[in-house]
Amino acid sequence: MCEYCGCRTVPAVRELMEEHDAIIEDAGDVRTALLSGDRAATVARLQHLASHLDPHVHREEVGIFAALRAQGDWSEEVAELEGEHRDLDGAIADLDPADPSFGTRVLAFLESLEEHVERENLGIFPVSVVTLGASGWDTVAEAHRETPTFLTT
């Protein structure tokens with residue numbers, strides 16, 4: 001993960017990136033449970049991961065993404081990332097522990113999630129730091145007030 005651009009000096013971006021760190025840690029826990037052969041633990045870890053993804057995605061979409069869209073900046077990239085959010089949500093919802101391809105599908109989901117997080121950390125977050133004006137940061141702040149981080153619960 002990049003540490004050069006100063007993104008983490010902006011509190012709202014730092015918090016989203018810290019949530020990404022926690023989500024990637026959750027993904028590692030899912031992978032460990034899966035590779036141990038414990039499907040029940042894998043499902044439990046997936047549910048935990050999903051409980052973090054939902055509020056995180058909401059904060060991104062009604063915060064930074066909405067602010068960038070309102071400024072007319074990076075609309076295509078934002079739309080792609082929102083599409084990835086929907087794809088990830090659908091992929092996790094479609095996981096069936098009884099399906100023989102469960103393990104393969106979990107690993108594919110985790111890989112997609114990790115790639116998505118990297119795209120945000122190295123792309124849209126640095127862009128937002130240098131692009132958003134005061135009204136954009138007001139939108140981000142409101143999203144963060146509306147949906148507090150899961151890191152403190």
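**Cores, a pocket and a kinked helix**

The model here is a predicted one, and in it Leu46 belongs to the largest nonpolar core, a set of 19 residues. Leu46 is among the residues with the most contacts inside that core, along with Leu49, Val106, Phe109, Leu110 and Leu113. Four helices, α1 (11-36), α2, α3 (75-93) and α4, each give two or more residues to this core. The top contributor is α4, with six residues. In soluble globular proteins, nonpolar side chains tend to be buried together.

Apart from this core sits another one, made up of 16 residues, including Ala12, Ala67, Leu81 and Leu132. Once neighbours within four places in sequence are set aside, Ala67 is in contact with Leu132, Gly136, Thr139 and Val140. As for proline 11, it lies 56 residues from alanine 67 in sequence, and the two C-alpha atoms are 16 Å apart in space.

Helix α2 (residues 39-71) also carries histidine 52. With a relative accessible area of 14%, His52 falls under the 20% cut-off and is therefore buried. Beyond its neighbours within four places in sequence, His52 is in contact with Ile23, Asp26 and Phe150.

Then there is the largest pocket, which holds about 180 Å³ of space. Its lining is made of 18 residues, and those closest to the pocket centre are Leu53, Val57, His85, Leu88 and Asp89. Helices α2, α3 and α4 each supply two or more of the lining residues. For this pocket the top contributor is α2, with seven residues.

That leaves the geometry of α4 itself. This helix runs over residues 102-131, 30 residues in total, and at 1.5 Å a residue it should span 44 Å; the C-alpha atoms at its ends are 41 Å apart, so the two values agree. The helix does have a kink, though: the bend is about 35° and is centred on glutamate 120.

Notes. Residues are numbered from 1 along each chain as its sequence is written. This is a predicted model: local features need pLDDT of at least 70, side-chain atom pairs count only at pLDDT 80 or more; totals for chains, interfaces and linings use all residues. Side-chain values use heavy atoms; hydrogens and water are left out. The expected span of a helix is 1.5 Å times one less than its number of residues. The bend at a residue is the angle between axes fitted to the seven residues ending there and the seven starting there. Buried means under 20% relative accessible area, exposed over 50%, partly exposed in between (1.4 Å probe, protein chains only). Contact means heavy atoms within 4.5 Å. A nonpolar core is a set of buried Ala, Val, Leu, Ile, Met, Phe, Trp, Tyr and Cys residues joined through side-chain atoms within 4.5 Å. On a 1 Å grid over the protein atoms alone, a cavity is a set of points where a 1.4 Å probe fits but cannot get out, and a pocket is an open set with protein on both sides within 12 Å along at least five of seven lines; lining residues have an atom within 4 Å of a point. Grid points are joined across faces, edges and corners, and a volume is the space filled by probe spheres set on the points.
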